[in-house]
Amino acid sequence: MSAPISQRLQRWFRPRRGWVIAVPLLWLTLFFLLPFGIVLKISLSEAAIAIPPYSAIVNVGAETVSLVVSFSNYLFLMSDSLYVAAYWGSLKIAFVATLACLLIGYPMAYAMARAPAHWQLVLLLLVMLPSWTSFLIRVYAWMGILSNNGLINNTLLWLGLIDSPIRMMNTNFAVILGIVYAYLPFMILPLYANLTRLDGSLLEAASDLGSRSFNTFLKVTLPLSKGGIIAGSMLVFIPAVGEYVIPELLGGPNTVMIGKVLWEEFFNNRDWPVASALAMVMLALLLIPIALFHRYQSRELKE
Amino acid sequence: MTQPMTLTNPSTDIRHQLPAEQEMSSTTGKKSSRVQKETLMEIRRVSKRFDEALAVDDVSLTIRRGEIFALLGGSGSGKSTLLRMLAGFEKPCEGQILLEGKDISRTPPYERAINMMFQSYALFPHMTVAENIAFGLKQDKLPKAEIRERVAEMLKLVHMEGFAKRKPHQLSGGQRQRVALARSLAKRPSLLLLDEPMGALDKKLRTEMQLEVVEILERVGVTCIMVTHDQEEAMTMADRVAIMSDGWIVQVGSPVDVYESPANRMVAEFVGTVNLFAGEIVMDEADCCVIDSPELGRRIRIDHGISTPADERGVWVAVRPEKTLLSLEQPKGDFNWAAGTVEDIAYLGGLSVYYVRTEQGHLVKVSLANTTRRSERPGWDDEVYIHWDERSAVVLRD
Amino acid sequence: MRKPSFTTVMLILGLLFLYLPMLVLVFYSFNSSRLVTVWAGFSGRWYIELFRDQQILNAVWTSLRIAFFSASMAVCLGTLAAFVMVRFGRFRGKTALSSMVTAPLVMPEVITGLSLLLLFVHMAQLIGWPADRGMATIWIAHTTFCSAYVAVVVSSRLREVDLSLEEAAMDLGAPPVKTFFQITLPVIAPALAAGWLLAFTLSLDDLVIASFVSGPGATTLPMVVFSSVRLGVSPKINALATLIILTVSLATFLAWYFMRRSEAKRRIAMRMQQEG
């Protein structure tokens, strides 16, 4: 226990602490942060028929190093109404779907949080279970239900309520329905987590002070669950904006969503620079929602 | 086997308002017989800063081998930070901590011969009672047989022989504390730290365990530093008490010292309750001094001189409630009394506390031991006199 | 009988909304007709055809392997990240780390997929690896986004663990690394298991990111299902869906059952202790 040994140990321990921090930090920097830099770089280059299909930004000549930065991809996005419509359509559909999720999910989360203790775990598992199965298959389920000779139309025809099938597949309605269905558990989970922490005596205090239950909800419960509402909404809204599978399977020719457009630019047109520019603009649009989510999440982690 | 703690009275929470002088001096007298003069730990001018906030400010202390030492203070007084520095969880910004003459201020916790019992007990939930106690011994790579023997010995010490196979969540609060104590004693540390040892127990169990823990510590003969915010606990368990406030050590002394001769007004108010009268010294001689107190409406006489500098005349006179007397007739003499009315009476079983409003509007607490059943006593709104002996009061500064 | 409240009714309707489409899937998987929407009698033929489909079976095996390795690596990385964030106090790069841990939770998959593919293309140009994209690149991609989920699950558990447990271990002579393995890990083990399972299902389920970073060598199950579903409804997929739903339900039920049993055991032990 003499001083030299402990000092040696400390010197040996200090850098190790650094290593423990470095491992996750380096992994995420390399495979999460750095890729965005590359996307940005490629979005500033020109498409070319080559492998990989874009021109180099930095040209190392015999004596000079020239930097060719091109904003043409971004200008192209602005000029073509298809892209603007796709961004606008994505935001609109994601917004409506998020709102619908909130309106359905909030009462569900509220009922779960107020349920008897031994029921809560069962209800939570019931809500989360679908999200553990398969996203793709849950979207696929609606194809059989919504199509012209699907379950709903067949039932309605058989009941004689309609003469010809209602077109539900390949519409924006189907896309919104699909998003609500797929993302509902992610709305309920943070809301439930927030509402269970709500102190029941607060509600009792409010009613003791003469507040009616709906008023109590508006003045006490709702403001206190703001964090859960933000987290749940962002968990639905942000991925929904970039959604590809749902518009591809349930949407129609009128459904233009940016995730689908990006996919097609990349895989069908093999225009990597335009796809990169599309991703950068989408990221810029989502920066505020992502920051909002991050702020909520880090506050949650601090508590 | 010395068992001095039978003198505590568990039924009252205002133990120190009892006429306790004699009991306490005998208590500490017996305990100090095992305390040796030899120094075990020396804390030299230790300071700790957290983001510019000074948690511990230039603290120096000497701990003697074999004693039970209590750090007493309110929350934020720096007592826990000081304890964590002794354990090695915090490193002092300045100063040194010496254990048996060696500087350990930079030694990591796992290399110190110091063990700690945590406020939450920190029993490992995935291990049985026996595994918990054996944990520290396994770190020292002791032979299996010796570990088994030592664990059995520890279980016996804390009267938990039948619980070796239990998991912590199958134990009650008091049992958990015994296991935590056994675990921290198993390595035979040269110093034991107790962080709010009774903090997680309810009141009744607390008094019971205070006695039992002291008994175990004395049997083992380990030196012990405890941290507590409960003055009663500190005075029941410790040989010496240090009062901490704002990172400073305000006073160090035996329980009798800090109760009967508090160093300043803060100590007097923190340890027990006290009646304070502001006043100004008008006469100060070798064998007595006189203080003029408008708050009392009368002069106060004290039976000893206090040799104050001429420019610091303003002082506080402190009288404990149990040393303040109540009478229906006007006391003789011109000093140390006031007339008033009984405003409230709190009957606490063993004693009653009278709240007397003096003519000057000052509220004075007087406690009377209920030595007879339903005797004639002053009642509400009675006209009474409060007074005290000139040996009972203490002169204090801020 | 008390009138059920509005929220209870919504909860029941919401659960019906979540489960009815899946029940329809299961129901039609036993349909003997190729047309999924017309009932033509009970049959198990689609299950037999499913098990004869070598492409699907290969994809299942590929997906399971990727999910296993991704989940395992993600638990290591995510636990490390959670431990660093919760227990290490302040250090340089903490804000960066916590941002990078929460961001993948909401990042649209097309962006993650595209950016990772471009990274792999660049790496191949610069250092010659990965020459071929396939299981290794999918593994890296899945590990990255799964470790974010693991970090969130583990850090919320770690925050509940009394810090003095670890301090007590060090106080009793265990150095930090030993303390981590002997005390911290066993105490948070349930969270590690939950994190692993979550990462496993996320990896099994991912289509978009895998489509970007995969090469010709590796086709995962979602990729096969997607290419089939794109062409329309197929009863073989219904059979596959039924098996997936069955497996997940069974695993969830078992997890619930064991959780409840250990809870009940604990309660009995507590009662015994109080009486004895």
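Predicted model: local features only at pLDDT ≥ 70, side-chain atom pairs only at ≥ 80, totals over all residues.
Which side chain does B:Lys323 meet in a salt bridge?

1. The salt bridge of B:Lys323. The partner is B:Glu260, and the N to O distance is 3.1 Å. Between domain 1 and domain 2 of chain B the count is one salt bridge. On the domain 1 side, the residues touching domain 2 of chain B comprise four nonpolar, one polar and one charged.

2. Domain layout of chain B. The domain assignment places domain 1 at residues 22-264 and domain 2 at residues 273-396. Taken over C-alpha atoms, the centres of these two domains of chain B are separated by 38 Å.

3. Contact between the two domains. Six residues of domain 1 of chain B are in contact with five residues of domain 2 of chain B. Together the two domains of chain B bury about 470 Å², with 49% of that area on carbon and sulfur atoms. Within domain 1 of chain B, the greatest losses of area to domain 2 fall on B:Tyr259, B:Glu260 and B:Pro262, which together account for 81% of what that side buries. Three residue pairs in polar contact, both at pLDDT 80 or more, are counted between domain 1 and domain 2 of chain B.

4. The interface of chain C and chain A. Here 83 residues of chain C are in contact with 89 residues of chain A. The area buried between chain C and chain A is about 7,900 Å², and carbon and sulfur atoms give 82% of it. In chain C, the residues losing the most area to chain A are C:Phe17, C:Met100 and C:Val106, yet together they make up 9% of what that side buries.

5. Polar features across chain C and chain A. One salt bridge is found across this interface. The side chains of A:Glu248 and C:Arg230 meet in a salt bridge, at 3.0 Å from N to O. The interface of chain C and chain A also has 11 residue pairs in polar contact, both at pLDDT 80 or more.

6. Cysteines. A search of the whole structure, over all chains, returns zero disulfides. B:Cys289 is buried, because its relative accessible area is 0%, a value under 20%. B:Cys93, by contrast, counts as partly exposed because its relative accessibility is 36%, which falls between the 20% and 50% limits.

How values were computed: Residues numbered from 1 in each chain as written. Chains lettered and ligands numbered in written order. Heavy atoms only, no water. Disulfide = S-S within 2.5 Å. Buried < 20%, exposed > 50% of the residue type's maximum accessible area, 1.4 Å probe, protein only. Domains from an automatic or database assignment. Contact = heavy atoms within 4.5 Å. Buried area = accessible area lost by both parts, 1.4 Å probe. Salt bridge = Lys/Arg side-chain N within 4 Å of Asp/Glu carboxyl O. Polar contact = N/O pair within 3.5 Å; in protein donor to acceptor, adjacent residues only side chain to side chain. Nonpolar A, V, L, I, M, F, W, Y, C, P; charged D, E, K, R; others polar.
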